[in-house]
Amino acid sequence: MKPSDASGSEEHDWATQVLPWSVNGSLDDADAARFRVHLKICAECRRDLRSEQALARRMATGPVVDYAPQASFSRLMQQVDRDLQRTQSAPFPPQRAPRVEPRRRSRFALAMALQAAAVAALAVSVGWLFLRPAEAPQYRTLSSAPATANAQLQVVFADMATAADIRATLAKVGGHIVEGPSVAGVFLVSLESRDAAGAPLDYDVTAALDLLREDRDIRYVAALPEPVSP
Amino acid sequence: MNLRRTTGHSSMNMTGPRSEPAMQLAADSAGRAGNAAADPLFIARVAARDRVAFEQLYIAYHRRLSRFLMRFTHNYETAEEIINDTMLIVWNKAEEFRGQSKVSTWIMGIAYRRALKTFKHGDLRRRVEVEWVEIDAIQNHAEAGADEPDVRAEWLEQGLSHLSLEHRMTLEMAYYLGHSCEEIAEICGCPVNTVKTRMFHARLRLRKLLPALGNPVERAP
């Protein structure tokens, strides 16, 4: 019988709500004891409890197919490795930024920094187009000697680097910007393969990378795969 | 009538009808399976990109998650997709886990959100509508005194499949996985009172859908 007084009714409502967790045994000790006290005086809850216990038993009954997890795990790790390779070949390496400052950077500050970087990159690229020395025409005849393929680098310059800084930095390795910046602020830099007289240069990509990585005006640099010569 | 199951995978083990109550399953399944106290250590090792630890964690949770998800989808490929999406997030976000909740609750919460997204955009609802026509026949069979385990189980499952996803998941998390009300609230990212309300409505709806629920269930051994 459902209790009729106000406090009894409240207790019944409470018991109705917690009843499922009495069934699965997850009530804490105090609530479980309180529920048992209510059960002694409430036939409706006793009936509900029996019904819900039977339902829980029924839900746990039935054929179960257990799949061996190793094949699924292998597929997951293949995806992890693919993601890792994609990240490593992306303009920015997957290295985590060191937490040198305990304070948290606000989203606004981050957005402003990105915007400043984009503007700086745009200014550099426009400046470079106007300021770089005129180049010889890029056409060649069929009788020309085959061009040596230039090594190409992906480069992200430091936010504060000026056009002059960038020119000076690239001059150290005989490089010049051929493309960029991308949305991510990445420039494509080609290393000169010939000197002014057209003689092949014996350059070392690894040494160029080492030199650029030590430069404070370079945030990131990586070599692109060697282009295939025609 | 046999349950329709899609089993497009060769590496599986079939276990017979189980009689253990949901509470035993909860104790037996991962999360609580193995050494729950060791879970945070596993997460720390996963955060350090320890693949052996991740494999152990994966295997520990695979059974719990696959059994739970298969109750909704009956399709291992879909269940595996949800499990792997879940564990990929665990792999990628392990270093952000600060131990504010139990590891099992954290992982179940990820799986819950991923499953909800899949089921709401998948054809689960269409399947439910198609199967609606079968429910009367099944119920009649049950009321007529048929008490074969297969019939009773499918009859109940038909009723469960007509609950809303949130309601059914709440019911399954309580009765199949054995989670407490507070844990379910954490998994679902909702207040405790919402869980109680969902559970109340799930039970009410189930009784309306299956008015004879009490009889065959109470005849169960």
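In this predicted model, Phe187(A), Val189(A) and Leu191(A) point one way from strand 4 of chain A, while Leu188(A) and Ser190(A) point the other way. The residues on both sides of strand 4 of chain A are buried. The strand, which spans residues 187–191, is accordingly described as mostly covered, with five of its five residues buried.

Strand 4 of chain A has two partners. Strand 2 of chain A, residues 152–157, runs antiparallel to strand 4 and is joined to it by four bridges. Within this pairing, Leu153(A) stands opposite Val189(A). Strand 3 of chain A, residues 175–179, is also antiparallel to strand 4, and four bridges join the two. Here Gly175(A) is found opposite Leu191(A).

The aromatic residues come next. Over all chains, there are six aromatic pairs. One of them is formed by Phe54(B) and Trp91(B), whose ring centres are 4.9 Å apart and whose planes make an angle of 45 degrees, a tilted arrangement. Phe54(B) belongs to helix 3 of chain B and Trp91(B) to helix 4 of chain B, so this pair ties together parts that are 37 residues apart in sequence. Phe54(B) has a relative accessibility of 0% and therefore counts as buried; Trp91(B), at 5%, is buried as well. The rings of Phe97(B) and Trp106(B) have centres 4.8 Å apart and planes at 40 degrees, so this pair too is tilted. Phe97(B) is buried, with a relative accessible area of 13%, and Trp106(B) is buried at 17%. Ring pairs also link Phe73(A), Phe54(B), Tyr58(B) and Trp91(B) into a cluster.

In chain A, the charged end of Arg34(A) sits over the ring of Trp14(A), 3.8 Å from the ring centre. In chain B, Arg168(B) lies over the face of Phe72(B), at 4.7 Å from the centre of that ring.

Two loop residues of chain B complete the account. Ser101(B) lies in the loop between helix 4 (76–93) and helix 5 (103–121). Its relative accessibility is 18%, so Ser101(B) counts as buried, the limit being under 20%. Beyond its neighbours within four places in sequence, Ser101(B) is in contact with Trp106(B) and Glu186(B). With Glu186(B), the contact includes a polar one between the two side chains, at 3.4 Å. Arg49(B) occupies the loop between helix 2 (39–47) and helix 3 (51–73). The phi angle of Arg49(B) is near 65 degrees, a positive value in a residue other than glycine. With a relative accessible area of 34%, Arg49(B) is partly exposed.

Technical notes
Residues are numbered from 1 along each chain as its sequence is written. Chains are lettered from A and ligands numbered from 1 in the order in which they are written. This is a predicted model: local features need pLDDT of at least 70, side-chain atom pairs count only at pLDDT 80 or more; totals for chains, interfaces and linings use all residues. Side-chain values use heavy atoms; hydrogens and water are left out. Buried means under 20% relative accessible area, exposed over 50%, partly exposed in between (1.4 Å probe, protein chains only). Two strands pair if DSSP finds at least two bridges between them. A polar contact is a pair of N or O atoms within 3.5 Å; within protein, one must be able to donate a hydrogen and the other to accept it, and residues adjacent in sequence count only if both atoms are side-chain atoms. Contact means heavy atoms within 4.5 Å. Rings of Phe, Tyr and Trp (its six-membered ring) pair if their centres lie within 6.5 Å; planes under 30 degrees apart count as stacked, over 60 as edge-to-face and the rest as tilted. A charge sits over a ring if NZ of Lys or CZ of Arg is within 6 Å of the ring centre and within 35 degrees of the ring normal.
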